Every structure is written in structure tokens, then in C-alpha cells.
Amino acid sequence: MGNKRNSFSGAIGFVLAAAGSAVGLGNIWRFPYLAAKDGGGLFVIIYFILAFTFGYTLLVTEVSIGRLTKQSSLTAYNRIKNGKVWKALGIISCLVPFLILPYYCIIGGWVTKYSVSFATNKMAEVAHNDFFGNFITDKTEPIVFDFIFLLITVIVVFAGVNKGIERMSKILMPSLLFLIIFIAIYALLSNDPDSGRSGLDGLKVYLIPDLKTLTFKKFVITLTDAMGQLFYSISVAMGIMIAYGSYFKKENNLVQSVNRIELFDTFVAFTAGIMIIPPVFVYMGYEGLESGGPGLMFKTLPKVFLEMGDVGKVFGAAFFVMVFFAALTSSVSVLEAVVSSLMDKFKMSRKKAVVIEFFITFILGVIVCLGYNVFYFEAKLPNSGKGQTAQILDIMDYLANNILMPLVAIGTCILIGWVVGPKLIIDEATINGEKFRRKKLYVVMIKYICPILLFVLLAVSLGLFNILGIN
């Protein structure tokens with residue numbers, strides 16, 4: 001157990017590790033896609049408002065719960081308030097990263113494959129329409145790359161908090177930030193003589209709200225998309241920030257550190273939009289922006305890099321290396337959330353917990369990979385778009401992100417807002433006499449606004465708005 005409660009060396013180590021968790025695949029391709037889908041600037045404005053209210057509230061709460069209890073999410077909630085309901089909340093919160101890790105490492109494996117392909121000068125091959133489909137439907141190659149990515153993740157977590165997670169974050173996060181800024185600047189300078197579009201035209205698409213076709217239903221969808229993105233962005237409702245908070249020293253300024261995580265993550269998410277939307281719009285137009293999820297990153301962007309010519313080789317290689325860094329820092333945090341829970345609940349050593357979770361994750365990962373060939377089927381999810389079907393990966397993502405995470409967040413709000421009271425979190429956040437400038441906002445958010453918004457998010461995820469025919 002000695003390894004478990006090794007703390008981050010200081011506030012900077014905690015901020016970099018937590019920011020590394022926050023800056024993942026969701027920020028790189030999900031944020032730009034949602035911004036393009038939901039009317040550009042409208043999504044960005046709503047996201048910014050929510051980040052500094054809704055997101056901030058959940059982030060402060062989870063980090064404080066972790067530091068207060070010195071426990072992972074599986075056991076922390078029951079330490080706050082003993083009872084069957086809170087034990088169940090802890091179990092659900094641990095189930096989220098358990099479900100996410102297998103398919104996240106698979107997508108990380110996809111990124112690894114693309115990074116290798118660009119590094120070996122296979123850009124034209126990667127940009128071909130059939131490349132992505134042929135790759136994910138292959139029976140062995142996705143499993144190999146899943147194993148490679150998972151193994152790297154396991155090695156980092158196996159090394160512990162200081163020598164593994166913190167050391168990796170101090171190296172990768174500055175590198176990641178440099179690459180993001182470099183690619184974003186180049187994206188703004190891109191132009192296509194054939195179409196006459198420039199990077200600045202793409203920036204306008206990204207930032208200027210499209211209010212012409214706005215309806216109540218579209219506003220609600222944009223609002224819930226932004227809320228859902230925040231779960232990805234700040235790593236809340238999945239046990240990560242509680243686990244990282246448990247490694248955060250009492251003498252460090254919690255409020256200031258959360259502010260830094262919030263600013264860092266919002267900056268990266270916003271910059272990711274600049275990095276992707278302008279060049280996609282320049283070379284592919286509005287049609288290119290319609291590609292969502294994996295399609296945007298694994299199908300559309302390689303074509304954009306090919307259109308750029310020789311410079312696209314460098315641009316593409318830098319992009320996928322950057323995405324690999326982002327995916328790795330996040331997968332490490334997801335694994336740590338599960339490992340810390342196993343250690344706290346079952347008094348395991350770190351090494352034993354990591355090895356057990358490695359084998360479980362890999363077995364589940366193999367099943368998910370085979371879901372595109374051997375176990376292939378088509379399902380329809382409640383929040384699916386017209387004509388969209390789901391496979392095993394999509395179902396696991398839906399259960400974790402659209403059902404369980406909102407439930408965990410709602411339970412957290414009820415526990416802190418109404419059962420034990422916001423003062424518990426406020427006292428922990430200001431234990432050294434720090435100023436909590438958003439204290440009044442925090443109380444209103446945790447008691448009233450966050451639960452309401454979360455119930456709306458859950459309703460949309462369950463497809464209730466479609467059932468009710470709300471326009």
C-alpha cells in the first residue's frame with residue numbers, strides 16, 4: 001500500500017497530470033466535430049460558459065473529495081457518507097473507467113497505427129478511402145496495435161505516481177502543447193487556390209454562430225453536446241479526478257490548481273478546433289466537416305494532409321504524434337482510476353492491480369476489435385443520428401459516457417449539495433486559508449443548476465426528446 005499514497009511532488013505535477021488526463025482524444029477530434037455540427041460559435045460560447053461554471057463545479061468537487069478522503073472513487077463516496085446508496089455510487093463511478101479503458105486503448109492503437117504509417121511515408125496509402133475500414137476490420141492488426149498502446153499505458157502506471165504518471169506528464173504535456181500551437185498556427189495559414197478558401201475562412205466557420213436554423217431542440221442538443229464534451233474534457237464522473245485528488249498534498253492550493261487545469265484544458269480544446277476546422281474547411285469544404293467521430297480524424301484529415309502536398313507529410317506526422325501523446329496521458333489516468341480503486345478496496349499492491357487490469361482490459365479489447373468482423377452486428381442507440389448504427393465499441397461508449405457518467409455526476413451533486421452540504425467541499429478547498437472567489441456560484445451550481453442540466457443531458461442520451469417529439 002505504500003506506493004498508493006505517494007503524492008504528486010507539488011502542485012505543478014498535479015496540474016500537469018490532471019491536465020494530461022483532461023487533454024485526450026475527445027479534445028482533439030470530438031470538440032472540433034461538435035463545434036462544426038452545432039453551429040460553430042454557438043457551441044463554443046456555450047462550452048466556455050459551462051466550462052467556468054458547470055465544469056468548474058464538478059472538478060472542484062471531485063478533487064476535494066479525493067484529497068479529503070485520501071481514497072479512490074470506489075471507496076471515497078462511502079467515506080463521505082456511509083450507506084448502500086453511496087457504496088453503489090462508488091461502484092458505478094469505478095465501472096465507468098473500467099468500461100472506457102478497453103475501447104480507449106483500441107482507439108489509441110488506431111492512432112499508433114496512423115503515427116507509424118505517416119512516419120514511414122505512407123500518407124497516400126493512409127488517405128485512401130478504404131484504408132481505415134480495411135484496418136479496423138482486419139482480424140489481427142488492430143489487436144496488435146491495441147496491445148502495444150495498452151502495454152505502454154501499463155508500464156507508466158506500473159511505475160507509480162511519481163516515477164510514472166508525474167514524470168510522463170512533465171515530459172509529454174509541454175511537448176503536446178508546443179505541437180498543438182504549432183499545428184494551429186499552420187492551420188490558420190493554409191489556403192487552397194483551387195477552392196479559393198483560406199484558413200481564416202475556416203476560422204469564421206468555427207467562431208461565428210449560425211443562428212438562422214436555430215430551434216429549441218437544436219439549442220438543447222448543442223447544450224447537451226457541450227456538457228457531454230465537458231465530461232471528456234475535464235475527466236469528471238469517471239473516478240479520475242478523485243484518484244488524482246487523493247494524491248494531492250494538503251498544503252498545496254487546491255482552488256488555484258483547479259483554475260489552472262480549467263484554463264489549460266479550455267485553451268487546448270479551443271485550439272484543437274483551430275487546428276482542425278480551418279484546414280478541413282479549406283480543402284474539403286462543409287462536406288469534410290460533416291465527418292464526425294473517428295471519421296474526422298482517420299478518414300477526412302489524412303485526405304487533407306494529402307491535398308497539402310509535401311508539407312502535409314510533416315503536418316500529418318506532427319498531428320498524429322500529438323494525438324498519440326494526448327491519448328496516452330488520458331489512457332494512463334483512466335487505468336490509474338481503476339488501479340487505485342482495486343488497491344483501496346481489496347488492499348492489493350499496485351503491481352498486482354495493474355497486472356490484473358491489464359489482462360482484463362486486453363481480453364475485452366480483443367472482443368471489441370472482433371466486433372468489426374467476427375462479432376459484427378448493427379444496433380441502434382437511443383441517441384443515434386439518422387442512419388447511424390452501433391457496434392460493440394459504440395455500445396460501451398454509450399453506456400459509459402451517456403448513461404453512467406451523468407448518473408455519477410447527479411449522485412455527486414445530490415450527496416454534496418443536499419446530503420452533507422457544500423460546506424464540506426468549501427472547507428477542504430480552503431483548508432489553508434485560500435480564497436474561493438466563486439464560492440457563491442459553486443453553492444448554487446452544485447445544489448440546483450448542475451442537477452437540472454445533468455437530468456436534461458440524461459434525457460437527451462436516453463432519446464426522450466425524440467420520443468416526445470420536441471422540436
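Biologist: What should I know before reading the values?

Modeller: The model is predicted, so local features need pLDDT of at least 70 and side-chain atom pairs count only at pLDDT 80 or more, while totals for chains, interfaces and linings use all residues. Residues are numbered from 1 along each chain as its sequence is written, and side-chain values use heavy atoms, with hydrogens and water left out.

Biologist: How is the packing of two helices described?

Modeller: Two packed helices are described by the angle between their axes and the distance between the axes. Helices (H or I, at least four residues) and strands (E, at least two) are DSSP runs, numbered from the N terminus. Axes are lines fitted to C-alpha atoms, for helices over the stretch in contact, and angles run from 0 to 180 degrees between N-to-C directions.

Biologist: At what angle do α9 and α15 cross, and how closely do their axes come?

Modeller: Helix α9 (residues 161–189) and helix α15 (residues 310–346) cross at roughly 145°, and their axes come within 9 Å. The crossing of α9 past α15 is left-handed, meaning that the near helix is turned anticlockwise from the far one by less than a right angle; clockwise would be right-handed.

Biologist: Which residues make the contact?

Modeller: Contact means heavy atoms within 4.5 Å. Among them are I165, L172 and Y186 of α9, and F315, M322 and E336 of α15. By class, the contact has 20 nonpolar, two polar and one charged residues. Here Ala, Val, Leu, Ile, Met, Phe, Trp, Tyr, Cys and Pro count as nonpolar, Asp, Glu, Lys and Arg as charged, and the others, Gly among them, as polar.

Biologist: Is S190 buried or exposed?

Modeller: Buried means under 20% relative accessible area, exposed over 50%, and partly exposed in between (1.4 Å probe, protein chains only). S190 counts as buried because its relative accessibility is 6%. S190 sits in the loop between α9 and β1 (191–192). Apart from neighbours within four places in sequence, S190 is in contact with S198, G199, P279, V282 and Y283.

Biologist: How many disulfides are there?

Modeller: A disulfide is a pair of cysteine sulfur atoms within 2.5 Å. The count is zero. For C94, the nearest cysteine sulfur is that of C105, 16 Å away. For C369, the nearest is again that of C105, at 10 Å. C94 is buried at 13% relative accessibility, and C369 is buried at 3%.

Biologist: Where are E262 and R438?

Modeller: E262 is in helix α13 (residues 254–289) and R438 in the loop between α18 (423–429) and α19 (439–461), 176 residues apart. Their side chains form a salt bridge (3.0 Å, N to O).

Terms used: A salt bridge is a side-chain nitrogen of Lys or Arg within 4 Å of a carboxyl oxygen of Asp or Glu.
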